Amino acid sequence: MNILKKIDVMKGSDVCLLAMMVLNFVIVCFMGLVPVLTQIRAANMNAEDFLGSLVSVPMHPSRRLLFVISIYIFIVLCIFTKRQYSGKSDRIFFWLSCYEVCLVSYLMIILDMSYTGVIFLIVAEYLSYMGNQKNWIGFLMATFAVYLFCNYSLVNIIFPMNSFDMWASFYGGKKAAFYMGIRTSCEIFNLFLMLLYVVLTILQDKREKRQIRELNNRLNRANEQLKDANEQLRLYAVQKEEMGEMKERNRLAREIHDTLGHILTGISVGIDAVQVLLDIAPDAAKQQLGTLGEMSRNGLNDVRRSVHKLKPDSLESKSIDYAIQNMVEETSKSTGAKIYFVSYGEGLVYEADEEETIFRLVQEGTTNSLRHGKATEIFIRLDKYEEGIEITLEDNGCGSAEIKEGFGLSHMRERVEMLGGIITFTSENGFKIHAVIPIRERKTEEGLL
């Protein structure tokens, strides 16, 4: 059994079937040649007693051997041709099988039913087409029944035939025993090959079933892993959606806080100034109200743009310096505070998120100075350095003894850190914001850095 495990079962069964074809060819040639030689020798020796003992008229010697070899060759051709059409054309396969059975029957008749081992060759061939082993037992039992029915002793009762023993007995003694021994040995070896083929075919079927089970197990494991992966993807998608919603809420909160905070601070301070001017200079109060109205409309437009993820209106078609200068002038007019802005960042090229961060940082810093610091003077400076832009905003307000980062300051820090920058808050003689933001694409008068 250990030897059988080491050989390739698929190739072993094919080799076994091929060995049966060769062995059966040798046997049928031997079984056909002995009567031919006996007939020729008996005729030359005028052995009338032997020829008279034959129970039937034998076929002509030359025709007998030619028929035996030709019919067996056609049987082998049928076997190989059927393999080509197996599973492709059932009709051709059926007619080839019928033709094969007729050839085998005729071959056994020519051999006077003295050799029926060729039936085992056909049985072995048919077993290769029977995938279900449950059908094997009935098929093998039917085969052995046919084998016994085709036995010479049974057929000779109805149809008298010249047995191989009769032809071999002509030689008498050891030579006759030698011929009989050759036939018996070949028949036993043919039966052994048949049984070996059945064993190899069963082993092949078991191996295929084991491989199918292993493949099914791997597929089941792969399906489980796929289910786990799909569940993880679903959880990740849910988590990503939640993170996206949270990020969007934070973005809207920052945008609305920066925009509305700046607008409402400017309007609040401007209304206080109008209240003072109403009695002293009504015309100036009206002018101030017009400025506040324009500022509120611009602010409302910026809020709408923030909701739709658009840049502030002043940044759409103008530079960052222009947008900051415009915001500074509007805030200064509406609040009366003196705001000074200077930029040394000419030539720098900003991405959209970099521009918006710088603008919102200056906007929120100005709002904090006016609302919390009560500042009357604000100084804003943009400086270019090796890796980007440096922003400084300081005021003359009341400052804070202990800086606590509320909503506005924390959002300033978030914006800057999202771009890989650094921001610090200090309070000495007012409040100071200092931020350093790296710029991805930096250009100067000499070109791209």
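## Close-up views of the predicted model

View A. Phe 425 is buried, at 12% relative accessibility (buried means under 20% relative accessible area, exposed means over 50%, and partly exposed lies in between, with a 1.4 Å probe and protein chains only). The model is predicted, and its local features need pLDDT of at least 70, side-chain atom pairs count only at pLDDT 80 or more, and totals for chains, interfaces and linings use all residues. Residues are numbered from 1 along each chain as its sequence is written, and side-chain values use heavy atoms, with hydrogens and water left out. There are 7 aromatic pairs in the structure (rings of Phe, Tyr and Trp, the last by its six-membered ring, pair if their centres lie within 6.5 Å; planes under 30 degrees apart count as stacked, over 60 as edge-to-face and the rest as tilted). One of them joins Phe 94 and Trp 95, whose ring centres are 5.4 Å apart with planes at 70 degrees, so this pair is edge-to-face. Phe 94 is partly exposed at 47% relative accessible area, and Trp 95 is exposed at 53%. In the pair of Phe 425 and Phe 431, the ring centres are 6.3 Å apart and the planes meet at 25 degrees, so the rings are stacked. Phe 431 is buried, with a relative accessible area of 15%.

**View B. An aromatic cluster, and a lysine over a ring.** Phe 30, Phe 178 and Tyr 179 belong to one aromatic cluster. Lys 82 lies over the face of Phe 93, 5.1 Å from the ring centre (a charge sits over a ring if NZ of Lys or CZ of Arg is within 6 Å of the ring centre and within 35 degrees of the ring normal).

**View C. The largest nonpolar core.** This core has 49 residues (a nonpolar core is a set of buried Ala, Val, Leu, Ile, Met, Phe, Trp, Tyr and Cys residues joined through side-chain atoms within 4.5 Å). Which residues touch the most other members? They are Tyr 72, Ile 75, Leu 107 and Met 194. Two or more core residues come from each of α2 (9–44), α4 (61–85), α5 (90–110), α6 (118–127), α9 (164–169) and α10 (173–280) (helices, H or I of at least four residues, and strands, E of at least two, are DSSP runs numbered from the N terminus). The element α2 gives the most, with 11 residues. Ile 75 is in contact with Glu 100, Leu 103, Val 104, Leu 107 and Ile 122, leaving aside its neighbours within four places in sequence (contact means heavy atoms within 4.5 Å). Apart from this core lies another, of 33 residues, including Ile 339, Phe 341, Leu 409 and Phe 425. In soluble globular proteins, nonpolar side chains tend to be buried together.

View D. Of its 20 residues, 17 are buried, so α14 is largely enclosed by the rest of the structure. Glu 354 has its place in this helix. Is Glu 354 buried or exposed? At 1% relative accessibility, Glu 354 counts as buried.

**View E. Thr 392 in strand β3.** Thr 392 is placed in β3, residues 388–395. Thr 392 is buried, with a relative accessible area of 12%. Leaving out residues up to four places away in sequence, Thr 392 touches Phe 379, Ile 380, Arg 381, Lys 432, Ile 433 and His 434. Thr 392 and Phe 379 are 13 residues apart in sequence, and their C-alpha atoms are 7.9 Å apart in space.

**View F. Two loop residues with positive phi.** Most residues other than glycine have a negative phi. Lys 374 has a positive phi, near 55 degrees, and lies in the loop between α14 (352–371) and β2 (377–385). With a relative accessible area of 62%, Lys 374 is exposed. Asn 429 also has a positive phi, near 55 degrees, and is found in the loop between β4 (422–426) and β5 (432–438). Asn 429 is exposed, at 80% relative accessibility.

**View G. The protein chain as a whole.** The chain has 15 helices and 7 strands. Of its 449 residues, 39% count as buried. Among contacts between residues at least 6 apart in sequence, 73% join residues at least 24 apart.
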